[in-house]
Amino acid sequence: MTEPTLEPLPRVRHRDIVRRGLRGECPNCGQAKLFRSLLKIHHRCPHCGMTLERGDGYYLGPLCINYGIVVFGYVAPLLLTGFSDWVSLKLALALALSGALLLPLLLYRISWSLWLMIYYFCLPDELHANRPEDSDDLQFEEEQRR
Ligand SMILES: [Zn+2]
C-alpha cells in the first residue's frame, strides 16, 4: 500500500462537502471512496491521508442517523398503520421487526457518508484542506503517520 500524499489541496467549499457526501467520497479530497469493503470504512483516506474514522465515540454519529432513519422513517409509520387497522397488526409487527434488523445494514454506508457530510458541513475548518499550513493538529497527524 502506498503512503497517502500530503500535497496541499484547494480549499473545500460547502457544496463540495455535500457533493462528496452524497457520492460517498472523502470529504477532504473527493478522490477516494469512504469504504474499503462492504462494511469497513477506511481509517484514513487512501488518497489524502485524512483520518475518516476518528475513534472513540465518532461512530455515534452514523449510529444516530441510522437509528433515526429506521425508527422514524420506517418502524414508527409502519406501527401506526398497524394500530390504525390499515394493515393487520401482525403484518405490521412482522415488517417492522424484519426492517429493524435489515435496514441498519443497508443504511450503514449511507449513514457514515451522511454523518461525515453533516460534520464537515458544520465544521469545514476541520478538513485538512481548509486548515492553515502551520496547524498543530495537522502536524501531529502527520507525525503519527510516520
Ligand atoms: Zn481524501
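Modeller: This is a predicted model. Helix 2 (residues 60-83) and helix 4 (residues 108-122) have axes that come within 8 Å and cross at roughly 120 degrees.
Colleague: Nice. Is the crossing of helix 2 and helix 4 left-handed or right-handed?
Modeller: The crossing is right-handed.
Colleague: And which residues make the contact?
Modeller: Helix 2 brings Gly61, Pro62, Ile65 and Asn66, while helix 4 brings Tyr108, Ser111, Trp112, Leu114, Trp115 and Tyr119. By class, that contact of helix 2 with helix 4 has seven nonpolar, three polar and no charged residues.
Colleague: Switching topic: which residues of helix 4 are buried?
Modeller: Ser111, Trp112, Ser113, Trp115, Leu116, Met117 and Tyr120. Their cover includes helix 1 (14-23) and helix 2.
Colleague: OK, helix 1 then. At what angle do helix 1 and helix 4 pack?
Modeller: About 170 degrees, with the axes 8 Å apart, so helix 1 and helix 4 are roughly antiparallel.
Colleague: Who meets whom there, in helix 1 and helix 4?
Modeller: From helix 1, His14, Ile17, Val18 and Gly21 meet Ser113, Leu114, Leu116, Met117, Tyr120 and Phe121 of helix 4. This contact of helix 1 with helix 4 divides into seven nonpolar, three polar and no charged residues.
Colleague: Last one: how far apart are the end C-alpha atoms of helix 4?
Modeller: They are 21 Å apart, which agrees with the 21 Å that its 15 residues should span at 1.5 Å a residue.

Methods:
Residues numbered from 1 in each chain as written. Predicted model: local features only at pLDDT ≥ 70, side-chain atom pairs only at ≥ 80, totals over all residues. Axes fitted to C-alpha atoms, helices over the stretch in contact; angles between N-to-C directions. Helix = DSSP H or I, 4+ residues; strand = E, 2+ residues; numbered from the N terminus. Left-handed = near helix turned anticlockwise from the far one by under 90°. Contact = placed C-beta atoms within 7 Å. Nonpolar A, V, L, I, M, F, W, Y, C, P; charged D, E, K, R; others polar. Expected span 1.5 Å × (residues − 1). Buried ≥ 20, exposed ≤ 12 C-beta atoms within 10 Å, placed from the backbone. Parallel < 35°, antiparallel > 145°, perpendicular 65-115°, else oblique.
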